[in-house]
Amino acid sequence: MHNKSVAELSRELESGKISSVELTQQFLDRLKQEDGKYNSFITVCEDQALADAKAADDMRAAGRATPWTGVPFAHKDIFCTNGTRTTCGSKMLENFVPPYDATVAEKFKAAGAVCLGKTNMDEFAMGSSNESSHFGAVTNPWGLSSGQKRVPGGSSGGSAAAVAARLVPAATGTDTGGSIRQPAALCGISGLKPTYGRVSRYGMIAFASSLDQGGTMARTAEDNALMLNVMAGFDPRDSTSIDREVPDYTATLDQSLKGMKIGLPREYFSDQLSPAMAEQVRNAISEYEKQGAIVQEVSLPNAKLAIAAYYVIAPAEASANLSRFDGVRYGYRCEDPKDLMDMYTRTRAEGFGNEVKRRILVGTYALSHGYYDAYYLQAQKVRRLIQQDFINAFKDVDVLMSPVTPSPAFAQGEKTTDPVAMYLEDVFTIAINLAGLPAMSVPAGFVDGLPVGLQIIGDHFSEARLLNAAHQFQQATDWHLREPK
Amino acid sequence: MQWDIVIGLEIHVQLATRTKIFSGSSTAYGAEPNTQANAVDLAMPGTLPVPNENAFRYAVMFGLATNAEIGRRSMFERKNYFYPDLPKGYQTTQLAQPIVGPGHMDIDLPSGDTKRVRIHHAHLEEDAGKSLHEDFHGMSGIDLNRAGTPLIEVVTEPDMNSAEEAVAFAKKLHSLVTSLGICDGDMSQGSMRFDVNISLKPKGSDELGTRTETKNLNSFRFMEQAIHHEVERQLDILEDGGRIVQETRLYNGDRDESRSMRTKEEANDYRYFPCPDLLPVEIDDSFIEEARNSLPELPDERKARLMEEYDLNSADASTISSDSNMANFFEEASRRCGEPKLVANWLNGEIASRMNQENIRNIALAFIGPDVIASLITRIKDSTISSAGAKKVFDALWTGENDSVDAIIEDKGLKQVSDTGALETMVDEVLASMPEQVEQYQNEDNPKKRKKMLGGFMGPLMKASKGQGNPKLFNEILVRKLGE
């Protein structure tokens with residue numbers, strides 16, 4: 001069962017061949033047995049999952065089943081879950097149990113999905129390797145057989161590793177600068193970052209509010225579509241969510257790609273990309289040409305400024321978003337504070353890890369009196385230029401395609417001492433967040449036995465188009481079905 | 001040297017919305033600590049703000065009532081600082097694009113002149129919670145019930161030149177926001193708080209002096225005292241050739257002392273930036289028109305109408321129109337008894353002094369209603385009771401002992417005797433018992449002294465009539481009989 005997709009498991013449950021309780025138990029057993037190798041989960045909710053599975057079976061018996069009823073999955077530990085601790089990968093929230101559900105969690109519950117637990121992640125979603133988690137690094141299931149522990153990417157590294165290792169068929173993720181797409185690429189699964197505002201951010205612990213977006217991670221494009229069907233939609237509790245009709249994302253998966261115009265951003269096929277990676281990506285694009293798509297080169301002249309702009313805007317927002325972790329109301333508080341200032345400084349010094357502290361410092365500096373115009377305001381201007389580049393590109397083409405990462409999964413520890421090298425992991429993904437666009441990562445080949453991702457970028461609210469393009473590719477290839485040994 | 005005093009005000013006005021500015025929690029005052037703070041107010045991880053439309057409506061009403069430009073596109077910013085009663089570690093406020101732009105308000109000066117005070121802008125923001133330092137041994141308590149209560153902060157230009165003008169502005173603003181119904185005006189509960197910016201400059205100079213800001217004054221009286229105190233302090237320094245340090249000061253009203261809270265150099269860097277959780281808010285014409293149509297009669301308009309319709313003088317009309325409940329009471333009572341001048345006298349006299357004594361801020365909360373005061377006035381006018389009797393009836397009405405004027409007159413036997421025959425008999429008897437005084441009176445030529453001597457007979461006459469003789473009739477009979 002563990003190799004089946006959400007769509008397949010849904011059909012198994014519908015046919016009555018297996019109950020959700022049985023299915024859930026099988027996945028829980030596998031999770032307990034296997035996850036020691038990956039550390040992809042922070043919290044496993046065995047009792048709750050079995051209770052939910054029972055409720056799902058009842059729901060199905062009562063004729064109220066949705067495609068998700070009884071299907072196991074997992075949440076990135078950034079989504080608040082009522083009664084289940086939500087850590088955001090931080091010591092700061094090690095014992096934090098929210099008394100509310102994130103809107104995304106609520107929606108999966110309403111659909112009858114069975115959450116097996118909370119997946120590991122970089123602390124407060126800050127990282128590209130899942131090494132900044134307070135709960136330990138996550139190991140990529142790929143490359144383990146060669147004896148080397150590689151990173152799964154980040155920050156949704158736990159979700160990506162768990163899906164790749166077949167511990168769950170699907171998991172939620174969030175993407176602020178590439179945190180769904182990069183780990184999806186490094187773990188050989190499919191991931192979608194929707195348009196900013198498509199999925200509610202309520203109850204999703206904020207890193208950089210104007211960039212954060214919840215999204216989907218599963219092996220197939222079809223499963224991503226099934227996930228987005230549940231997650232997307234306006235939420236009156238999130239003032240930045242957009243009130244716009246949600247299509248059935250599975251309905252258009254089978255459309256032909258004949259005549260689809262694909263743009264290849266010149267700047268994304270630069271010398272930062274190894275020849276072996278470039279070859280895999282170009283092979284994937286050839287497959288699209290075979291299916292009748294038309295390929296042309298386009299330019300995103302300001303793309304090279306994206307990392308610099310991002311590393312001003314995201315830390316600036318984070319510096320304010322993380323101020324609430326002060327030891328006053330919930331979360332970690334230092335031992336025996338001698339006064340208020342001592343409580344603040346030690347709570348935050350002890351509760352946050354180095355990468356989080358680094359970004360709070362950068363953000364605080366960027367917003368400081370006398371620096372605001374030079375950094376924050378300038379970065380916002382650059383952000384507008386980057387958005388304009390994409391708007392111009394989408395006048396000529398339907399989607400853009402590019403690599404997701406410059407190289408495949410790297411070894412644990414390889415980049416931990418060099419923050420800038422780590423930040424460059426997101427060189428192809430960050431601009432998309434700055435522009436608020438939807439983008440997918442789709443498995444597109446291997447380099448040295450490690451998965452390579454193809455990035456498909458669309459105009460605002462073109463998720464159905466991206467899923468269609470990914471699904472058609474997956475009908476002709478089997479990269480997404482390869483299982484790590 | 002002669003000095004000009006220059007004063008500008010920043011006034012925090014709590015808006016009387018039912019729920020908070022960014023969450024659905026109640027804003028009601030006085031609940032058990034932290035029972036009106038939900039996950040958003042507590043800044044729990046992942047929670048998000050959703051703006052309260054009514055807060056915008058109230059701010060727009062304020063803008064329209066102060067002749068201000070309305071910010072068609074306003075924006076929230078984050079003002080970052082750490083404080084235990086500030087749950088998010090930043091206050092959501094407006095800086096670059098406030099909801100209310102430049103406007104003005106005219107104040108009445110004691111001289112009878114009016115003065116225009118310009119308002120620089122007014123912006124929407126959230127209130128903080130409260131730190132409680134008592135009852136917690138070696139610790140502080142935090143109550144977040146107030147956190148997220150909507151405020152408008154009204155910032156004036158430095159257009160006031162004395163404590164009296166500043167207080168007149170503050171009172172006028174109080175009267176305006178309560179008349180608009182956008183603030184309950186209860187200063188004891190912090191519904192209005194004042195920060196006062198004060199500087200001195202050589203008389204007639206165009207250049208402003210260095211200013212200080214005295215923060216968080218929560219009554220008109222403290223504000224007035226604090227201004228006098230700060231003006232004196234600055235004057236002493238300047239007269240001694242010293243320099244004023246730009247700083248924020250705290251004033252202790254109970255001790256009439258102030259101390260420096262922080263200087264400009266120690267000021268926080270608030271690192272303002274646009275709040276990414278809230279989109280800019282566009283206000284369209286229909287929203288503004290709707291707000292305009294919901295404006296009640298404003299205090300200035302009402303004052304003019306009271307003078308016109310009820311023939312009140314400016315002072316009475318000012319006092320009554322400044323409090324919309326009072327003004328409603330006045331109009332209702334006047335309609336019922338047809339004696340607006342007497343109603344005004346009662347309102348500004350006995351009723352005002354009792355409200356003051358008993359700290360009642362809203363006349364609607366007194367036992368006495370406009371219908372009742374109208375019957376009382378009717379009974380005075382038709383001579384059923386004397387003015388002395390009316391005071392007794394009023395006491396009974398005020399304490400809630402009874403709410404029927406006629407029943408009180410009956411119960412307490414306050415009905416005046418106006419039967420001339422009976423009164424004449426009493427006068428005859430009293431005069432007969434006071435021959436010396438009668439003789440003195442008749443030998444006195446000075447009419448003023450004679451009038452005074454008449455009073456000497458009134459006491460015994462009222463005693464003889466058990467207080468129920470009509471004093472006017474007694475007087476007439478006395479003058480006639482003594483003249484015989």
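## Ground rules

Helices (H or I, at least four residues) and strands (E, at least two) are DSSP runs, numbered from the N terminus. By that count, B:Thr378 lies in helix 9 of chain B.

The model is predicted, so local features need pLDDT of at least 70 and side-chain atom pairs count only at pLDDT 80 or more, while totals for chains, interfaces and linings use all residues. Residues are numbered from 1 along each chain as its sequence is written, chains are lettered from A and ligands numbered from 1 in the order in which they are written, and side-chain values use heavy atoms, with hydrogens and water left out.

## Helix 11 of chain A

Helix 11 of chain A runs over residues 354–367. Its 14 residues reach 20 Å from first C-alpha to last, close to the 20 Å expected at 1.5 Å a residue. The expected span is 1.5 Å times one less than the number of residues.

Which residues of helix 11 of chain A are buried? They are A:Glu355, A:Val356, A:Arg359, A:Ile360, A:Gly363, A:Ala366 and A:Leu367. They cover an arc of only 135 degrees around the axis, which puts them on the same side of helix 11 of chain A. The arc is that of the directions from the helix axis to the C-beta atoms. Buried means under 20% relative accessible area, exposed over 50%, and partly exposed in between (1.4 Å probe, protein chains only). On the other side of this helix, A:Asn354 and A:Leu361 are exposed. An α-helix has 3.6 residues a turn, so residues three or four places apart point the same way.

The buried residues of helix 11 of chain A pack against several elements, including helix 9 (306–321) and helix 12 (373–396) of chain A. Another partner comes from chain B: strand 14 (273–274). Contact here means heavy atoms within 4.5 Å.

## Helix 10 of chain A

Helix 10 of chain A has 12 residues, which should span 16 Å at 1.5 Å a residue; its end C-alpha atoms are 16 Å apart, which agrees. A:Asp342, A:Met343, A:Tyr344, A:Thr347, A:Arg348 and A:Gly351 are buried in this helix. These buried residues pack against helix 11 of chain A.

Two packed helices are described by the angle between their axes and the distance between the axes. Axes are lines fitted to C-alpha atoms, for helices over the stretch in contact, and angles run from 0 to 180 degrees between N-to-C directions. Angles under 35 degrees count as roughly parallel, over 145 as roughly antiparallel, 65 to 115 as roughly perpendicular and the rest as oblique.

In chain A, the axes of helix 4 and helix 7 (residues 221–231) come within 8 Å and cross at roughly 105 degrees. That makes helix 4 of chain A roughly perpendicular to helix 7 of chain A. A:Val104, A:Lys107, A:Phe108 and A:Ala111 in helix 4 meet A:Met227, A:Val230 and A:Met231 in helix 7. By class, this contact has 6 nonpolar, no polar and 1 charged residues. Ala, Val, Leu, Ile, Met, Phe, Trp, Tyr, Cys and Pro count as nonpolar, Asp, Glu, Lys and Arg as charged, and the others, Gly among them, as polar.

In chain B, the axes of helix 9 (residues 370–381) and helix 11 (residues 405–412) come within 9 Å and cross at roughly 55 degrees. Helix 9 of chain B and helix 11 of chain B are therefore oblique to each other. B:Val372, B:Ser375, B:Leu376 and B:Arg379 in helix 9 meet B:Val405, B:Asp406 and B:Ile409 in helix 11. The residues of this contact divide into 4 nonpolar, 1 polar and 2 charged.

## Single residues in chain B

B:Thr378 counts as partly exposed, at 32% relative accessibility. B:Thr378 and B:Arg336 are 42 residues apart in sequence and 9.0 Å apart in space, C-alpha to C-alpha.

Helix 1 (residues 53–65) of chain B holds B:Ala55. B:Ala59 is in helix 1 of chain B too. B:Ala55 is buried, with a relative accessible area of 0%. B:Ala59 counts as buried at 0% relative accessibility. Leaving aside neighbours within four places in sequence, B:Ala55 is in contact with B:Leu15, B:Thr17, B:Ile21, B:Leu124 and B:Pro150. With residues up to four places away again not counted, B:Ala59 touches B:Ile99, B:Val100, B:Leu124 and B:Ile152.

## Backbone exceptions in chain A

Most residues other than glycine have a negative phi, and most peptide bonds are trans. A cis peptide bond joins A:Gly154 and A:Ser155, with omega about 5 degrees. A:Cys88 is not a glycine, yet has a positive phi of about 55 degrees. A:Cys88 counts as buried at 1% relative accessibility. A:Arg166 has a phi near 65 degrees, a positive value. A:Arg166 counts as buried at 3% relative accessibility.
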